[in-house]
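Subject: Structure handover

Hello,

Here is the structure for you to look at. Please open it next to this note.

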Amino acid sequence: MALGTALLPSSALARSGSPRAKRKVVVITFGGGARDQETFAPEGQENIPHLMWELLPQSTFFTQVVNRGILGHYVATASLATGVYETINNFASLPPEHPTVFEYFRKDLRRPPSDAWVVAPSNGFNRIGESNNRSYGPGAGARVILPKHLLAAASRGRSDYEHLLRDNYETPFYAPALQGGEFELRQLEDILKLSVDDFKAHARALSSPDELSVYIVRQLMRQVAPSLLWITMHDIDIAHAGAYSLYIDGIQRTDRLCADVWGAIQKEPEYAGKTTLFILPDFGRDSDQDAGGNGFQHHRTGDALSRTTWMLALGEGVREGVVYDRPIDSTDLVPTLGSMLDFSTSLAQGKPIQELV
Amino acid sequence: MEPRDLKPEHFKAYPPEARKLAIHYVFAMQRLPLSFLPSLLREVIDYDYKFPAERKSLEKELANWSLLSEEQGREWVSGLAQISLSSQLRQLDWVNQPAQFVEQLSAHLWTTHQMDSFREAALDYGDRLHAAVPAETPPISRLGIAVIGRDAAGHDRPLFRKLRPHGAYFNRVKPENGLRQLLDAVAERAKLHPIPYGHWYIDGGEPEGHDPALTSVSYQALQPTRSAILCKVRTEKDKPGMGPEALRTLLAQMGPQELGFAKGLDPVMERFQLKLFTEGSGTQVFSTTFVQWAAREALRRAQPCTLLVRFAPRAKPMNDLLSPSQDQAEMDPAGALVDGDFGAYYNWLNQQRLPGADKSAFLVWFEDHNEALAIGPGMPRGTASTSEANLKEVLSWIT
């Protein structure tokens, strides 16, 4: 990682000014799987102009976030959300085995179901909102929206939306069946105040599943304003199809969408001035130099590059323009959120990131 | 069953040449840990369909095991022997279904957090093997050529960025008749040095006329195979019990006869082409991925002395995975140029992994345009030339 502390003027700005009870957190996983060399390393910075030149100067930036778990998108995202390296089958519709951050948050702070939401890309993520841990479990976690699933239901198989409906890229032939409490079509209107026709009309103008997710996120922020909002991006994972140009397109789009979400945080009165945003890939992708893989296409070798990525934190309570090169762990996110919002994450393995709490 | 229980009769279902090889080395294989042996058997069981270079290296690896003392053998695989396996894995028919075992082993290693230890142990074994049984250098210096960007008008970002530090960039190449010059050059090498599977031409579209001395693979020629695989997947994917692992297993078990290969084809090439689709990811959808993966596999497996690959425009959307009628898919030549540019870098990396890398040469050319980059022992690195030259001349400077 060539980004050094010297690149950014350090500032002691920003310790939280808003009461913890009113603070909000938005987490975006910059996915699925992006390498440093296509993002924050010098040769990749042209792909992420928004992160690089707009968000980074306002951020605390960690150059080495190490994922020591299974490098599959669902299981890795579940690990990020529990603070424990989960070992569930990446391709099955299963809940995490350890309590999620949403469960800790709601139980400790006595928050209603409407205060924790996940917007996720594919059917496999449907169970990520709550674990099967006995002390938490069904009804105790976050509500999950799968925008692609909603659009499929709304469009009833019409071909206008095929470009938005690919379930996932790692097993493109196969989408796991949905199990568990799914967000239903009629709730579009009840909760998001969005008619099916408007949803379909808007979707027709979008070019990717992640754009659809961010559209839903904005509705959710406006209508429900959850305090804990988790957005899993996935367009980048088209890299599994082996087309480098599409992988780069995915990174560029995700960069723009992250800036869109940050823009929405600034504009929405419920979020402005009291929200901390975290952006991090779930993990990297294989190195070009590892003969066992095929470079950017997959994340199967478990080499250092595929395990090491970055994290950017900005907004309420976060110092601006600071870069930390010390390694932190993927599982440190949940305890950090717990410390920031004042809830216990007793079963998480990671440790609060001291530079943020 | 444990490896120490292996007997010659266990290999009766193997193809004839593979069976002979396995029986010959059965005592050597009895010494290998179960975390490793099926990976080796996965190669042995395919022996009848392997290229000469692969056969030779497999024979050498097995022969090496016959030469190692008990103690040396234990030391070589000590890390692999420490990998703990589940009883479920141990009960698999790893002799006759080694590929399935290896796939499940991979899932087991991730789940039990042993992937890093396994990786380290496997690299250690590989290093020892390379030291004990050095790979053979090619009879002539290797030459790789990548032709990229067919039908693309131009580019937004500079080309060959990954390769420029390793060679000389030319921006006044005469494009006229360029592809023909390259095909003639590789045909000449093939005629001068007739080596089985030694000289290849891979095309992402319809192949240009070429000398029959070249081993040729093209996306267009394999269209019926590709369609048959996609059709099979569409039929199978919604059946009860089907999931990604089952689907992969199903694809791996498909034979040439199910996929409409013409009778009388070389069985080695038939299997090679089949595996490009059943084991490759994205090869069924994008011609650029197909070309990059085919080149990678040709280099890894056949270790050719000459490899000319030509990237063609690829389909724009990914939707023909699920939609049966994609005869008129919209094409994206600009995207394919980016894919080809990076694919050329991977071709060079894969070529450099082979013996004789210090003497090998590589050329990448933006088809029908003036830009090319040449890498070779006599070519200064990280330089740019504004000299006018045709591709035949540029080739002559690196070979």
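Predicted model: local features only at pLDDT ≥ 70, side-chain atom pairs only at ≥ 80, totals over all residues.

Residues are numbered from 1 along each chain as its sequence is written, while chains are lettered from A and ligands numbered from 1 in the order in which they are written.

Chain B overall

Chain B has 16 helices and 12 strands. Helices (H or I, at least four residues) and strands (E, at least two) are DSSP runs, numbered from the N terminus. The radius of gyration of chain B is 23 Å, close to the 21 Å from the globule rule for 399 residues, so chain B is as compact as a globular protein of that length. That radius is taken over C-alpha atoms, and the rule is 2.2 Å times the number of residues to the power 0.38. The C-alpha trace of chain B spans about 65 × 50 × 45 Å along its principal axes. Of its 399 residues, 41% count as buried. Buried means 20 or more other C-beta atoms within 10 Å of a residue's own, exposed means 12 or fewer, and partly exposed is in between, with C-beta atoms placed from the backbone.

Two domains in chain B

Domain 1 of chain B covers 3–132 and domain 2 covers 143–398. These bounds come from an automatic or database domain assignment. The C-alpha centres of the two domains lie 31 Å apart. Eight residues of domain 1 of chain B are in contact with 11 residues of domain 2. Contact means that the C-beta atoms, placed from the backbone, lie within 7 Å. On the domain 1 side, helix H4 (52–67) and helix H8 (98–111) of chain B each supply at least two residues.

The sheet in chain B

An open sheet of eight strands runs in the order S5-S4-S6-S1-S9-S10-S2-S11 (chain B), with mixed pairing. Two strands pair if DSSP finds at least two bridges between them. Strand S5 (215–218) and strand S11 (383–385) of chain B are at the edges with a single partner strand each, so one side of each has no neighbour in the sheet. Strand S4 (residues 199–203) of chain B runs parallel to S5(B), and four bridges join them. B:Ile202 has B:Val217 in S5(B) as its bridge partner.

Chain A: a helix and some backbone details

Helix H3 (residues 101–109) of chain A has buried residues, among them A:Phe102, A:Tyr104 and A:Phe105. The buried residues of H3(A) pack against helix H2 (73–82), strand S3 (116–119), strand S5 (228–232) and helix H10 (333–341) of chain A.

Most residues other than glycine have a negative phi, and most peptide bonds are trans. Which peptide bond is cis? The one from A:Gly31 to A:Gly32, with omega near -5 degrees. A:Gly32 sits in the loop between strand S1 (24–29) and helix H1 (49–55) of chain A.

A:Lys193 has a positive phi, near 55 degrees. A:Lys193 is exposed, with 12 other C-beta atoms within 10 Å. A:Ala225 also has a positive phi, about 50 degrees. A:Ala225 is partly exposed, with 16 other C-beta atoms within 10 Å.

Best regards

Key
Contact = placed C-beta atoms within 7 Å.
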